[in-house]
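Reader: I have a sequence and a model open side by side, and I would like to learn how to read them together. Could you take me through some features one at a time, giving the general idea before the case at hand?

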Amino acid sequence: MLLVYVGCPAWHSLPVSYAGLPISNVPAQTANIGAYYQIYNSGILYEPRVWWQYTGAQNIYNNNIGAPTSQKLPSFGIFNASLRVKVSKRYLFAGMHDASVNVTVLNLLNKQYNNYEYISGGGYYGVAGQILGEPGMPRAVYVSVNASF
């Protein structure tokens with residue numbers, strides 16, 4: 001029996017082996033390193049934290065050939081920081097057991113980077129062969145308030 005695929009690209013019609021090719025979009029290394037400290041003053045606990053988050057280089061995927069490539073998305077690292085302030089019972093309202101406020105800043109230095117890239121096959125997004133990327137998150141600030149009664 002002879003099968004003929006009409007209107008289907010060749011790389012879809014035959015089994016493809018990726019043996020020996022790199023895995024796309026998986027960093028070779030990742031790391032987080034940081035420090036924190038606790039300061040207790042007049043019934044208030046302060047916990048400042050800083051950390052660096054590293055993502056290693058990643059091979060990118062080529063939609064033109066339907067396979068991974070040896071081209072790489074460069075590695076990147078971002079700095080983050082947070083401050084937690086926990087208040088002791090003497091500053092709380094009646095019935096409260098504890099309360100804290102946490103402020104977290106991710107990408108503290110507002111570094112611009114791509115956390116994902118691929119080679120476009122054309123069509124809706126970009127021109128065939130163009131490298132398209134998804135920008136990483138800009139600086140973001142989160143605030144949380146916790147209380148227990």
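Reader: Let me begin with strand 1 (residues 30-36): of its seven residues, what number is buried, and does the strand lie in the open or under cover?

Author: Please keep in mind throughout that this is a predicted model. The general idea is that a residue counts as buried when its relative accessible area is under 20%. In strand 1 the number of buried residues is zero, so the strand lies largely in the open.

Reader: What does the chain as a whole look like, in terms of helices, strands and buried residues?

Author: The secondary structure comes to one helix and 10 strands, and read along the sequence these follow the pattern α-β-β-β-β-β-β-β-β-β-β. Of the 149 residues, 26% count as buried, while the accessible surface comes to about 10300 Å², with 60% of that area belonging to carbon and sulfur atoms. Among contacts between residues at least 6 apart in sequence, 60% join residues at least 24 apart.

Reader: Which sense does the pairing of strand 1 and strand 3 take, and over how many bridges?

Author: Strand 1 and strand 3 pair in the antiparallel sense, over seven bridges. Within this pairing, Ile-33 has Trp-52 of strand 3 as its bridge partner, and strand 3 itself covers residues 44-55.

Reader: Which residues make the nonpolar surface patch, and what is its area?

Author: The general idea is that a residue must have over 30% relative accessible area to be part of a patch. Here Ile-33, Trp-52, Phe-79, Leu-108 and Leu-109 make a nonpolar patch of about 490 Å². Trp-52 counts as partly exposed because its relative accessibility is 31%.

Reader: What else does Glu-47 touch, leaving aside residues up to four places away in sequence?

Author: Besides Arg-84, Glu-47 touches Tyr-37, Gln-38, Ser-82 and Leu-83. With Gln-38 there is also a polar contact between the side chains, at 2.5 Å.

Reader: Where is Thr-104, and is this residue buried or exposed?

Author: In general, the side chains of a regular strand alternate between the two faces of the sheet. Thr-104 is placed in strand 7 (residues 98-106), and it counts as buried because its relative accessible area is 15%. Its side chain makes a polar contact of 3.5 Å with that of Asn-102. Not counting residues up to four places away in sequence, Thr-104 touches Trp-51, Ala-81, Ser-82, Ala-140, Val-141 and Tyr-142.

Reader: Where is Ser-17 placed, and what separates its C-alpha atom from that of Ala-67?

Author: Ser-17 is in the loop between helix 1 (10-13) and strand 1, and it is exposed, with a relative accessible area of 57%. Although Ser-17 and Ala-67 are 50 residues apart along the chain, their C-alpha atoms are separated by 9.3 Å.

Notes:
Residues numbered from 1 in each chain as written. Predicted model: local features only at pLDDT ≥ 70, side-chain atom pairs only at ≥ 80, totals over all residues. Heavy atoms only, no water. Patch = residues over 30% accessible without salt bridge, like charges linked within 9 Å, V, L, I, M, F, W, Y side chains within 5 Å. Areas by Shrake-Rupley, 256 points an atom, 1.4 Å probe, with all protein chains shown as cover. Salt bridge = Lys/Arg side-chain N within 4 Å of Asp/Glu carboxyl O. Helix = DSSP H or I, 4+ residues; strand = E, 2+ residues; numbered from the N terminus. Buried < 20%, exposed > 50% of the residue type's maximum accessible area, 1.4 Å probe, protein only. Pairing = 2+ DSSP bridges. Contact = heavy atoms within 4.5 Å. Polar contact = N/O pair within 3.5 Å; in protein donor to acceptor, adjacent residues only side chain to side chain.
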